[in-house]
Amino acid sequence: MSEPLGIGLIGCGTVGSGVARLLTQESERLATRAGRSLVLRRVAVRDPSKPRAVTLPAEMVTTDIAAVVRDPAIPIVVELVGGTSLARTVVRDALAAGKHVVTANKALLAAHGPEIFAAARQAERTVCFEAAVAGGVPIIRALAESLAANQVTAIQGILNGTSNFILSAMSEKGMSYADALAQAQKLGYAEADPTLDVDGSDAAHKLAILAQIAFGVVAQPAEIERHGIDTIDALDVRYADELGYTVKLLAEAWAAERDSPTPTVALHVAPVLLRKTDMLAQVRGAFNAIQVVGDVVGETLYQGPGAGMMATASSVVADLIDLAVGRAQKTFAVANLWSGGTSRFSVVPSDKVRSRFYLRLLVRDLPGVLADVCQALADQEISISSVIQHEAVEGHPEQVVPLVIMTHTAETARMRDAIATIDRLAAIVTPAVHYSVDD
Ligand SMILES: NC(=O)c1ccc[n+]([C@@H]2O[C@H](COP(=O)([O-])OP(=O)(O)OC[C@H]3O[C@@H](n4cnc5c(N)ncnc54)[C@H](OP(=O)(O)O)[C@@H]3O)[C@@H](O)[C@H]2O)c1
């Protein structure tokens, strides 16, 4: 067996404790897989006196991050502090000191990927990040290695477990968004401030990473159009259910004009209506799942726990094993990630993406309303597949009825134009709600 491989852990919270546990409690198994021992040498935290989910010798724990990063007995630094400020410094310093880096930090990679990967190439070191997308689900390896013979044509992912938990509770238990969120917080599936999870930002960070690997595009998360679940009304979850659909927050990448010299990819995060029989529709609770379509393989699906101490540690330690074996370095060298300017694909707005749409209106029950709505759709050449008028909304001061319209396939831009017209109609009580429908 080769020399033991020293590891420095920066951050020992939820994920770090799981990694430390695996390294200390499963050392024999890991050594067999890695061909050498993986030795946890030092752990940097903010408060060494804090109780942790792993017991570490006191002399191993420090508050001095720089000392861990510079330690010559540590060739691999694992960044698990989170955020984009301190983490960026840790990763930069580690690479400059000649260390390989493993991170689970999607926000960091989405915001500073080009800088970090350029620094790694310059230092001839490797950055591994399997845990940064979908926690325990090996989606990075699937895209970068197992599907390497393919051009990916589409990705649809349930990448935020908190949102999926809330949507599952709304559809299965008929809960309101507020009640489902409160339950998610009580059970530890949502932070006290859940904004980044429920507004689609976290899923956009992860989509930016997947799009980089699958299409080579460098998309800033802010450029990815996103709509979260925080504005979803229980009414729409119920109507979708009646029509045979489930609402899911999907992070999607759609490639177009693949055979042209200038193919495009549209990236967005939004609630989508999926047929209940669709595999992604059946992913419940805090689980993650990603469907990837490759031009050679066809449809593939990856599913599993998207977060949590041990599930995420599973991916971090797999990266450590890959570095120990030397596989990660080889993949990293050829993948040329975040190098910019090398992709055939360009990122385009989602306006041109075509789909069916679910449109829900609250209208005053006046003659001619339906005709006006249909005209607005017809003006954009959007044809209607079905119209359902539901019972009047209880407790509403006026006679207000919900109208649900399912359209045939239409371009997103045209649908938005039609909605702008519909929202100006006198009979419309609240702005129209619309979601893509994926059949
Ligand atoms: N939690 C998950 O399920 C999950 C899943 C996938 C990816 N991730 C990613 O994994 C990373 C870590 O997440 P986490 O949930 O493990 O975070 P966490 O529980 O908040 O742990 C953060 C750790 O960083 C340490 N730290 C923070 N500031 C520090 C400083 N100035 N100096 C030294 N140490 C400092 C903290 O020390 P103290 O313990 O002393 O406070 C703590 O140990 C994030 O990038 C996250 O996005 C998490």
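The legends below describe close-up views of a predicted model. Residues are numbered from 1 along each chain as its sequence is written. In this predicted model, local features need pLDDT of at least 70 and side-chain atom pairs count only at pLDDT 80 or more, while totals for chains, interfaces and linings use all residues.

**View A. Burial of strand β14.** Strand β14 spans residues 354-364, and eight of its eleven residues are buried (20 or more other C-beta atoms within 10 Å of the residue's own, with C-beta atoms placed from the backbone). Strands are DSSP runs (E, at least two residues) and helices are DSSP runs (H or I, at least four residues), numbered from the N terminus.

**View B. Antiparallel partners of β14.** Two strands pair if DSSP finds at least two bridges between them. Strand β18 (residues 428-438) runs antiparallel to β14 and is joined to β14 by seven bridges; S436 of β18 is the bridge partner of F357. Seven bridges also link β14 with β16 (residues 400-407) in the antiparallel sense, where R364 faces V400. With β17 (residues 410-411), the antiparallel pairing of β14 covers two bridges, and R354 lies opposite E411.

View C. Six strands form an open sheet in the order β3-β2-β1-β4-β5-β6, with parallel pairing. Its edge strands, β3 (61-62) and β6 (127-128), each pair on one side only. Strand β5 (residues 100-103) pairs with β6 in the parallel sense over two bridges, and V102 stands opposite C128. Helix α12 (residues 309-325) packs on this sheet, touching β1, β2, β4, β5 and β6 (contact: C-beta atoms, placed from the backbone, within 7 Å).

Methods: A residue is buried if 20 or more other C-beta atoms lie within 10 Å of its own, exposed if 12 or fewer, and partly exposed in between; C-beta atoms are placed from the backbone. Two residues are in contact if their C-beta atoms, placed from the backbone, lie within 7 Å. Axes are lines fitted to C-alpha atoms, for helices over the stretch in contact, and angles run from 0 to 180 degrees between N-to-C directions.
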